[in-house]
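I opened this structure to look up one residue and its surroundings, and then the chain as a whole. My notes follow in the order I made them.

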Amino acid sequence: MTPMPIPPTVTPMRSTARHLAAAALLVLLSGCALLGGAPKDPVTLYSLDPRIQPDPSWPSVPWQLALNTPSSSRMDDSVRITVRPTPNEVQVYKGATWAKRPSEMLEDAVLRALEDSGKIVAVARQGSGIGGDYKLVLDIRRFESNYAGQAIPAATIEINAKLLHGQDPQVVLSRTFLQSQPAASIAVVDVVDAFKRALTDVSRDITGWVLVEGDRHERSAHR
């Protein structure tokens, strides 16, 4: 298979201990190795701030939800914007980073979507002091630009979600959500736009699922 064309704005990401140690040393010496080069190289910070329109069909629920900070691997939760040109190769875009880690962007998006929906009594981050009748646990499995054998990459976000009943706590339901949005080109700005669409869609899916399944569980528990 002919390798996919990769823009000059990406750099390889190594995973062996030897390469990681060398990379750490370079960071200490230069203070900017993770930004793709010399101090004069410009770095653009990108922030995803999706606004999600609530679905009128979502039920209104009389309970509160606590949202855990999403977990993920160190690579998937890096401020570096990762790109996978082939299934076994991971690179990062030069001169571009996220303003927030993917876990923070996902948590903010889901929290805001639930709050803005007007369908739930209260939702808060775990540890905020607000008790939750239910708890939402999220795990980021993928947050990457993926070529998947194509000439243009797609922003791919895969999230596993678990809804727990806060009193037990028992797992009410578990589901994996996947969104893949094609970029308009290989340019970083177009890849970031694809990430925004993917994050919007996956956050909307998770929000609706929490309300619908939490409502179904609550009704069955009080029959």
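This is a predicted model: local features need pLDDT of at least 70, side-chain atom pairs count only at pLDDT 80 or more; totals for chains, interfaces and linings use all residues.

Entry 1. Leaving aside neighbours within four places in sequence, I found lysine 119 in contact with Asp55, Pro56, Trp58, Pro59, Ser60, Val61 and Leu211. Lysine 119 itself sits in the loop between α2 (102-117) and β7 (120-125).

Entry 2. Which side chain of opposite charge is nearest to lysine 119? I found aspartate 55, at 7.5 Å. A salt bridge needs the charged atoms within 4 Å, and lysine 119 has none, although it is buried. I did find a polar atom of the lysine 119 side chain 3.1 Å from the backbone oxygen of tryptophan 58.

Entry 3. I turned to the largest nonpolar core and noted 46 residues in it. Those with the most contacts inside this core are Leu65, Trp98, Leu136, Leu138, Phe195 and Ile206. Helix α3 (residues 188-221) gives the most to the core, with 12 residues.

Entry 4. I picked tryptophan 98 from that list. I then read the whole chain. The protein chain has three helices and 10 strands, and from the N terminus on its elements run β-α-β-β-β-β-β-α-β-β-β-β-α. Buried residues make up 44% of the 223 residues. Of the contacts with a separation of 6 or more, 71% join residues 24 or more positions apart. The accessible surface comes to about 11,500 Å², and 54% of that surface belongs to carbon and sulfur atoms.

Terms used. Residues are numbered from 1 along each chain as its sequence is written. Side-chain values use heavy atoms; hydrogens and water are left out. Helices (H or I, at least four residues) and strands (E, at least two) are DSSP runs, numbered from the N terminus. Buried means under 20% relative accessible area, exposed over 50%, partly exposed in between (1.4 Å probe, protein chains only). Lys and Arg count as positive and Asp and Glu as negative; His and the chain ends are not counted. A polar contact is a pair of N or O atoms within 3.5 Å; within protein, one must be able to donate a hydrogen and the other to accept it, and residues adjacent in sequence count only if both atoms are side-chain atoms. Contact means heavy atoms within 4.5 Å. A nonpolar core is a set of buried Ala, Val, Leu, Ile, Met, Phe, Trp, Tyr and Cys residues joined through side-chain atoms within 4.5 Å. Accessible areas come from the Shrake-Rupley method with a 1.4 Å probe; for residues, only the protein chains shown count as cover.
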